[in-house]
Amino acid sequence: MIDRLIEKIEATKNPTVVGLDPRLGFIPNFIKEKAYELYGKTPKAAAWAFYEFNKAIIDAVYDLIPAVKPQVAMYEQYGPEGIKAYIKTILYAKEKGLVVIGDVKRSDIASTAEAYADGHIGRVKVEDEVHEVYHEDCITLNPYLGYDSIEPYMNHCRMYDKGLFVLVKTSNPNSGEIQDLDIGGEKLYERVGKLVSKWGEEVMGKRGYSHIGAVVGATYPEQGTRLRQLMPHTFFLVPGYGAQGATARDLAGCFDKNGLGAIVNSSRGIIAAYQLEKYKNQFSEKEFAQAAREAVIDMKKDLEGVL
Ligand SMILES: O=c1ccn([C@@H]2O[C@H](COP(=O)(O)O)[C@@H](O)[C@H]2O)c(=O)[nH]1
């Protein structure tokens with residue numbers, strides 16, 4: 001997976017990931033009205049609207065970006081219909097040639113992790129039939145349970161050309177409460193970073209980066225720079241740009257000397273761009289997808305400035 005992702009970044013000359021985190025508040029009225037006409041004000045209507053919205057966003061930006069990151073929580077909250085919209089979104093993005101990062105943040109003991117791994121990045125067996133269910137290219141994981149909770153996914157990376165992004169330093173305001181704890185001369189996030197890097201040695205790609213990457217928040221520039229030094233063969237997924245306040249300068253340290261090594265996610269800042277002060281005079285609600293495209297172009301330029 002990591003080699004495919006690097007190729008896509010090189011082809012688009014853009015390390016931007018569009019986060020597909022739809023919320024009803026982001027969906028233009030004309031889509032919602034249609035959804036309610038078809039299905040009433042139900043979870044099915046929300047899921048229908050999400051897929052229509054995502055499809056239009058993907059159509060508007062797929063030629064500019066290497067990857068999308070659907071956030072499963074936004075879909076899961078609407079139950080089975082939401083999950084169907086999540087899977088349909090993934091399949092559509094893949095049809096358009098995009099790498100798909102499922103932001104699912106799973107974590108459990110090995111025997112349960114096997115089920116998550118089979119479902120998300122592997123195959124499930126029903127008697128003599130084998131099925132791929134969720135179709136993500138890679139997923140996010142929480143490392144709190146240690147190596148045996150991650151290992152079940154590693155085999156799938158090898159067998160099915162998949163990847164992982166493991167939480168190391170998250171972008172949220174309270175992440176330091178646990179992740180910045182001093183544990184005998186080093187910070188907990190540093191120890192976790194070293195572990196993730198070591199686990200990654202077992203599943204190296206061909207371009208010097210492992211199929212096991214790390215999530216490193218753009219909102220913590222010092223920690224990002226430190227982790228880049230500690231983890232030279234680990235690709236970073238960097239959330240926190242835009243809506244959470246981080247700028248291109250904040251995340252510059254997450255890249256390697258060749259301007260590779262990281263992909264930067266922006267969700268609200270792109271998919272809801274038409275609602276932002278910066279774009280709302282330029283684009284109407286009907287033009288939400290064009291606004292998203294403009295936001296991607298602006299983000300690309302912004303990142304180029306620090307690479
Ligand atoms: O440390 C983390 C890990 C994951 N996320 C996720 O990324 C997006 C960010 O959305 P924005 O709208 O661009 O703020 C969202 O899905 C988070 O769950 C993160 O922000 N930080």
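**View 1. Packing of helix α3 against helix α14 in the predicted model.** Helix α3 (residues 43–61) and helix α14 (residues 288–304) pack with their axes 8 Å apart and at an angle of about 45 degrees, the axes being lines fitted to C-alpha atoms over the stretch in contact and the angles running from 0 to 180 degrees between N-to-C directions. From α3, the residues F53, A56, I57, A60 and V61 meet F288, A289, A292, R293 and V296 of α14, where contact means heavy atoms within 4.5 Å. Helices here are DSSP runs of H or I with at least four residues, and strands are runs of E with at least two, numbered from the N terminus. Because this is a predicted model, local features need pLDDT of at least 70 and side-chain atom pairs count only at pLDDT 80 or more, whereas totals for chains, interfaces and linings use all residues. Residues are numbered from 1 along each chain as its sequence is written, and side-chain values use heavy atoms, with hydrogens and water left out.

**View 2. I57 and the largest nonpolar core.** This core has 82 residues, and V18, I57, L164 and F236 have the most contacts inside it; a nonpolar core is a set of buried Ala, Val, Leu, Ile, Met, Phe, Trp, Tyr and Cys residues joined through side-chain atoms within 4.5 Å. Helix α3 gives the most to this core, with 10 residues. Not counting residues up to four places away in sequence, I57 touches V18, L20, I271, F288, A289 and A292.

**View 3. K105 in strand β3.** UniProt, in an unreviewed entry, places the feature "active site" at K105, although such annotations may be inferred rather than shown by experiment. K105 lies in strand β3 (residues 99–106) and is partly exposed, with a relative accessible area of 37%; buried means under 20%, exposed over 50% and partly exposed in between, with a 1.4 Å probe and protein chains only. Leaving aside neighbours within four places in sequence, K105 is in contact with Q71, T140, L141, N142 and L167.

**View 4. V100 in strand β3.** V100 is buried, with a relative accessible area of 0%. Its contacts, leaving aside neighbours within four places in sequence, are V68, P70, I90, A93, K94, E136, D137 and C138. V100 and C138 are 38 residues apart in sequence and 6.6 Å apart in space, C-alpha to C-alpha.
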